Every structure is written in structure tokens, then in C-alpha cells.
Amino acid sequence: MTLSESAKGNRSNSAEYLTFLLKNISQLPTFLKPEELEAYLPWNFKSSRLKTTNEDNQKIAA
């Protein structure tokens with residue numbers, strides 16, 4: 001099963017989920033514990049996180 005299919009299976013917008021991953025995974029430290037990565041799994045994704053992350057990024061850029 002792909003990440004996109006997993007997101008759809010968990011009733012998430014797959015495009016929003018993949019955008020969230022691409023924007024945020026690269027910002028993580030190199031060695032994370034498995035429980036720290038759980039927040040990025042499709043069944044833990046909430047669309048509101050994307051909005052919060054974008055708002056935080058805009059505040060940082062300002």
C-alpha cells in the first residue's frame with residue numbers, strides 16, 4: 001500500500017498529506033525514535049496540522 005492509498009484509507013486528503021510530509025519531514029533531525037515518527041503516519045494526520053504548519057512558517061518568514 002502506498003502513502004497516498006493509506007491516507008485515502010484513513011479518510012485524509014492524500015494531496016494534503018503528501019504536501020505535509022514533503023514540507024515537514026526534511027526539517028526533522030536525522031535520528032528519530034519510532035514513536036516520534038508516528039505523528040507522521042497517515043492514520044495520525046489531521047488536515048488542520050497543515051494549516052497550523054503553514055501559519056507557523058509564515059510567522060517565521062515575517
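Visitor: Which elements does the protein chain contain, and in what order do they run from the N terminus?

Guide: The protein chain has four helices and zero strands. From the N terminus on, the order is α-α-α-α.

Visitor: Which helix has the highest mean pLDDT, and which the lowest?

Guide: Since this is a predicted model, confidence deserves attention at the outset. The protein chain has a mean pLDDT of 78, with 76% of its residues at 70 or more. Among its elements, helix H2, residues 14-24, has the highest mean, 89, whereas helix H4, residues 47-61, has the lowest, 54.

Visitor: Which residues of H2 are buried?

Guide: A residue is called buried when its relative accessible area is under 20%. In H2 this applies to Ser14, Tyr17, Phe20, Leu21 and Asn24. Seen down the axis of H2, these buried residues fall within an arc of 125°, so they line one face of the helix. For the protein chain of 62 residues, the buried share is 21%.

Visitor: What is found at the start of H2?

Guide: There, a side-chain oxygen of Asn13 comes to within 2.9 Å of the backbone nitrogen of Ala15.

Visitor: How is a pair of aromatic rings described?

Guide: The description of such a pair rests on the distance of the centres and the angle of the planes. With centres required to lie within 6.5 Å, the count here is three aromatic pairs. One of them joins Tyr17 and Phe45 in an edge-to-face arrangement, at 5.3 Å centre to centre and with 65° between the planes.

Visitor: Why does this pair tie together parts that are apart in sequence?

Guide: Tyr17 belongs to helix H2, while Phe45 lies in the loop between helix H3 (34-37) and H4, so the pair connects parts 28 residues apart in sequence. Tyr17 counts as buried because its relative accessibility is 1%. Phe45, at 3%, is likewise counted as buried.

Visitor: What is the angle between the planes of Phe20 and Phe45?

Guide: Their planes stand at 50° and their centres are 5.3 Å apart, so this pair is tilted. Phe20 in helix H2 and Phe45 in the loop between H3 and H4 are 25 residues apart, and the pair links these distant parts of the chain.

Visitor: Which residues form the aromatic cluster?

Guide: Tyr17, Phe20, Tyr40 and Phe45 form one aromatic cluster.

Visitor: What share of the contacts joins residues at least 24 apart?

Guide: Among contacts between residues at least 6 apart in sequence, that share is 54%.

Note on methods. Residues are numbered from 1 along each chain as its sequence is written. This is a predicted model: local features need pLDDT of at least 70, side-chain atom pairs count only at pLDDT 80 or more; totals for chains, interfaces and linings use all residues. Side-chain values use heavy atoms; hydrogens and water are left out. pLDDT is the predictor's confidence in each residue, from 0 to 100. Helices (H or I, at least four residues) and strands (E, at least two) are DSSP runs, numbered from the N terminus. Buried means under 20% relative accessible area, exposed over 50%, partly exposed in between (1.4 Å probe, protein chains only). The arc is that of the directions from the helix axis to the C-beta atoms. A polar contact is a pair of N or O atoms within 3.5 Å; within protein, one must be able to donate a hydrogen and the other to accept it, and residues adjacent in sequence count only if both atoms are side-chain atoms. Rings of Phe, Tyr and Trp (its six-membered ring) pair if their centres lie within 6.5 Å; planes under 30 degrees apart count as stacked, over 60 as edge-to-face and the rest as tilted. Contact means heavy atoms within 4.5 Å.
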